[in-house]
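This briefing covers a sheet and a disulfide. Please look at the sequence and the structure first, then read the points below.

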Amino acid sequence: MRALIAWFLLIVLIGFGAMRFAGTFNDSFALPGASSTTAQNMLSALAGKPSTTSSFKVVWSTPNASVTSAATKSAIEPTLKALAALPFTECVAGPYGKNFGTKCPKATPVDFRKAVRQAARAEISKVTGIPEDKINAAVDALDSLAPIEKTDPAKLAAIGRSLPEIAHLASAPRPVLDALAAITPADLRFLVGLNATDIKIALIAVGGLDVFVNLPAVDLAALVAKWPALKPFAEASKPTLDALAKLTPEDLSFLVGITRSEIDAVTQGFGDLAKFAKLPPEVLKDLAKADPKKLAALAAGLPKDVAKAIAAMNKVKAEIKVIEKAAAATQKVISSVSADDKVAYATVTLNSTTPSTDQTDRIAALVRDGGTAALVVGGSGAALDAAGLGPDTAQVIGLLAAIIILLLAFGSLVAAGLPIVVALTGLVAGQLMILVVAHLTDVASFAPTLAAMIGLGVGIDYALFILNRFNQGVRSQLAPKEAALTAVGTAGKAVLFAGSTVIIALLGMFVLKINFFNGLALAAAVAVLLVLLSALVMMPALLSLLGARALSLRAPWARHPQAFDPQTSRWNSYGKLLQRKPIIPALIALAIVGGLAFPATSMQLGFPDDSSAAAGSPQRIGFDLLAEGFGPGVNGPFFLAVETSSKDDYEALGKTIEALEATPGVAQTIPSSGMLPILKLDKSVFGSGGTVTSVIVQPSTSPSDKATGALLDVIRTQTAPKVLAESGTKIYVGGTQAVAEDFTTRLTAALPVFLLLVVGLGFIALMLLFHSLLIPLTAALTSLLSFAGALGVTVAVFQLGFGDSILGVTGTGPILPFLPIMVFAALFGLSMDYHVFLVSRMREEWETSKDNSLSVRLGLAGSGRVVVAAAAIMTSVFLSFVPTPIDTIKLFGVALASAVLIDAFIVRLILVPSLMTLFGKANWWVPRWLGKVLPNIRLE
């Protein structure tokens with residue numbers, strides 16, 4: 001009882017620690033010193049303050065129509081508006097010049113005339129001496145009146161000087177402008193000097209200009225004699241009066257106060273008012289609102305010397321031509337509409353860096369529902385990765401399978417439940433402790449689930465081994481308390497040794513010197529440690545507390561238990577079958593494992609992309625559409641940090657981009673070499689330090705294509721050194737593919753050290769335990785066989801697609817770079833568990849009989865049944881994680897389940913007994929001098 005109280009107090013203490021020091025999970029794959037890590041750090045510094053938002057793309061296609069057509073726009077806009085209406089969406093920026101959302105920047109058409117105008121402002125400022133910030137509005141107006149790049153300098157100067165007058169006329173009502181446009185410049189002059197009284201008298205006298213126009217000459221002369229104010233109208237031509245007759249009194253009142261200079265200015269700049277009247281309404285509106293002082297300043301600053309104006313304009317035109325070419329290059333590179341007008345996308349910005357599962361589910365549902373028979377809609381981006389990752393209850397099936405196996409093994413409902421309770425208690429403590437570990441170091445987001453998978457499996461097994469020995473003691477007529485003490489003193493020691501082996505194997509990943517592995521190793525090791533403590537503390541305490549009731553509620557087939565006799569067990573008969581011709585089962589086992597391992601020879605390491613997503617899912621549709629419209633490499637670009645030797649060195653940047661564009665396998669770069677003239681207008685390209693900028697390289701092949709990996713190698717080993725030698729510019733390549741390559745390179749280099757450490761420690765531990773050289777060597781080599789077999793199965797399913805539909809795998813792709821290391825670390829410890837439990841019973845018999853064959857058979861009889869039960873339970877637990885929507889966990893579930901099946905059922909129960917039979921007494925041989933110095937460690 002005191003042990004139980006102490007154990008639960010420890011759990012409570014861990015819980016308080018988790019509440020006080022709980023950390024957050026971080027999926028950082030950074031490798032210290034790697035090029036990809038250097039690139040990431042430099043690009044993060046270039047970006048400045050870390051972003052508090054995230055984004056993804058909504059991609060759509062109309063196979064039989066244009067994506068820029070009005071029909072397509074009407075079809076996709078409801079989806080874009082629905083996404084913008086989500087409470088966690090900030091903006092949806094599409095390709096149609098209109099954004100949706102609460103925090104959107106002003107939508108601008110995809111038109112790079114703005115850059116042209118900026119260049120014009122700069123040149124005009126140089127010529128006139130007027131600061132740019134004071135002439136922006138004027139230049140915009142001037143460019144609207146007459147495109148700078150197409151206007152004669154003399155004409156442009158005339159228009160410029162008339163801007164103040166033009167601004168006044170621009171405020172006239174449209175009917176007035178239309179009327180004025182129909183009157184010749186000569187006739188317009190009669191309007192000069194008119195005042196409100198004149199117009200009022202004229203209109204009252206004749207009842208309107210339409211009547212006045214049609215009066216006979218005699219009547220007209222009489223009216224003029226009576227009202228001299230009508231004389232200008234009488235002298236005007238009939239077309240002029242016809243035009244003015246269409247105006248209302250309100251419109252005519254605008255003519256009051258019109259000056260000759262205004263008329264002369266407009267006619268000088270435009271030839272007549274007809275051209276002026278045809279200006280778009282928005283241009284006239286802008287002119288009417290323009291600041292007269294700024295317009296006057298611009299007019300005064302424009303060169304009166306036409307020759308000077310021509311020279312300045314020619315320079316401007318040359319600049320504009322370059323900028324227009326750069327604008328076309330920019331348009332081509334960054335357009336969100338494909339060149340064939342069949343695919344387009346919008347960028348959706350969310351208000352958090354990591355959307356919740358509920359949020360991503362809502363996003364995925366809207367994207368999925370946006371598709372129709374004529375419109376294909378998908379999505380692309382990390383924000384969609386968590387879609388469908390809701391609570392996963394498949395592990396309940398694994399626990400039910402474990403209970404059934406335990407019920408069959410012990411024939412007792414209570415006994416079947418005890419290992420589950422003990423393992424779950426330890427698992428809860430382990431999960432709480434992982435939160436504390438996350439406070440101390442980087443821990444991946446999937447680490448708790450992976451740790452739960454390993455911890456639950458070994459936890460049930462460890463409790464099972466102790467319970468099995470207790471059950472054997474009770475069946476051998478031992479008192480329950482004595483049986484519990486015997487179980488702790490025998491199986492408990494084996495559990496402690498086995499669990500320590502697993503923990504050491506996991507912590508061996510620290511030799512890799514990668515924070516990512518350190519976090520995973522600590523998380524898994526903590527989980528194993530806590531379930532180990534639960535098995536060693538809670539299980540014996542419960543057995544002592546319950547006594548015979550630990551085996552109560554028996555099933556019908558187990559109501560009359562008999563004393564355990566290994567000599568008469570079926571496992572003894574199985575051992576005899578193996579020993580008839582042990583070479584045959586040994587060869588069969590090797591052939592099976594070799595066949596299973598064969599696919600591992602084609603293993604491709606990397607991070608899976610959306611090409612492995614389920615067919616028909618938003619992610620898969622988005623991936624395929626982007627590849628179709630913008631090239632396969634758009635889904636996996638390289639992100640380069642470019643560091644020049646001097647500040648704002650656009651020339652060096654241009655040479656670097658040209659070298660990258662010339663590299664075989666590069667589809668395009670952003671920015672491209674054609675964009676450089678526009679880049680020079682942006683003073684923030686090189687960041688605050690002035691020497692670092694970014695370049696995106698889009699390969700011509702898909703992310704998982706081997707050619708993409710080859711391109712990465714070419715950039716790093718050929719292009720980058722060449723650029724460094726020519727201009728002193730350094731290139732660091734980042735991106736998912738680069739990280740995967742760096743991971744693979746680093747792991748390949750560290751793998752021999754890791755294997756030597758883990759296998760070497762396992763060899764030494766087993767040598768100390770069994771006082772043998774051959775037994776630990778057999779254990780180490782056969783563990784490597786099991787590992788190879790598990791990798792082969794994993795590659796066959798997840799990379800080659802064999803049996804993927806049966807296991808619910810939605811797509812195939814490369815194997816995660818860290819999977820082999822993690823699987824081997826876990827498998828080596830687990831295989832050592834089974835080896836210890838089998839061979840420890842064999843050693844017990846060997847020391848009694850000195851008969852190797854008999855020892856092998858009785859060892860199988862004593863532990864074979866519990867190893868089968870343990871392996872079946874662990875396999876069930878691992879497979880119960882396969883239905884999870886988290887691809888990483890699904891991958892580990894299959895890998896570890898296959899590893900346990902191969903190791904327990906083929907290697908430990910067929911290959912190892914066969915080999916030990918063939919080796920005979922050599923199994924137990926150790927040099928005499930070594931035997932004297934080795935400590936005597938006994939588990940039985």
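Five strands form an open sheet in the order β3-β2-β4-β1-β5, and the pairing is antiparallel. The edge strands, each pairing on one side only, are β3 (99-100) and β5 (376-380). Strands (E, at least two residues) and helices (H or I, at least four residues) are DSSP runs, numbered from the N terminus, and two strands pair if DSSP finds at least two bridges between them.

This is a predicted model, in which local features need pLDDT of at least 70, side-chain atom pairs count only at pLDDT 80 or more, and totals for chains, interfaces and linings use all residues. Residues are numbered from 1 along each chain as its sequence is written, and side-chain values use heavy atoms, with hydrogens and water left out.

**Pairing of β2 and β4**
- Strand β2 (residues 89-93) pairs with strand β4 (residues 343-350) in the antiparallel sense, over four bridges.
- Valine 92 has valine 348 in β4 as its bridge partner.

**The disulfide**
- A disulfide is a pair of cysteine sulfur atoms within 2.5 Å, and the count by this rule is one.
- Cysteine 91 is joined to cysteine 104, with an S to S distance of 2.0 Å.
- The pair links distant parts of the chain, 13 residues apart: cysteine 91 lies in strand β2, and cysteine 104 in the loop between β3 and α4 (113-128).
- The torsion about the S-S bond of cysteine 91 and cysteine 104 is about 110°, so the disulfide is right-handed.

**Exposure of the two cysteines**
- Buried means under 20% relative accessible area, exposed means over 50%, and partly exposed lies in between (1.4 Å probe, protein chains only).
- Cysteine 91, at 6% relative accessible area, is buried.
- Cysteine 104, at 25%, is partly exposed.
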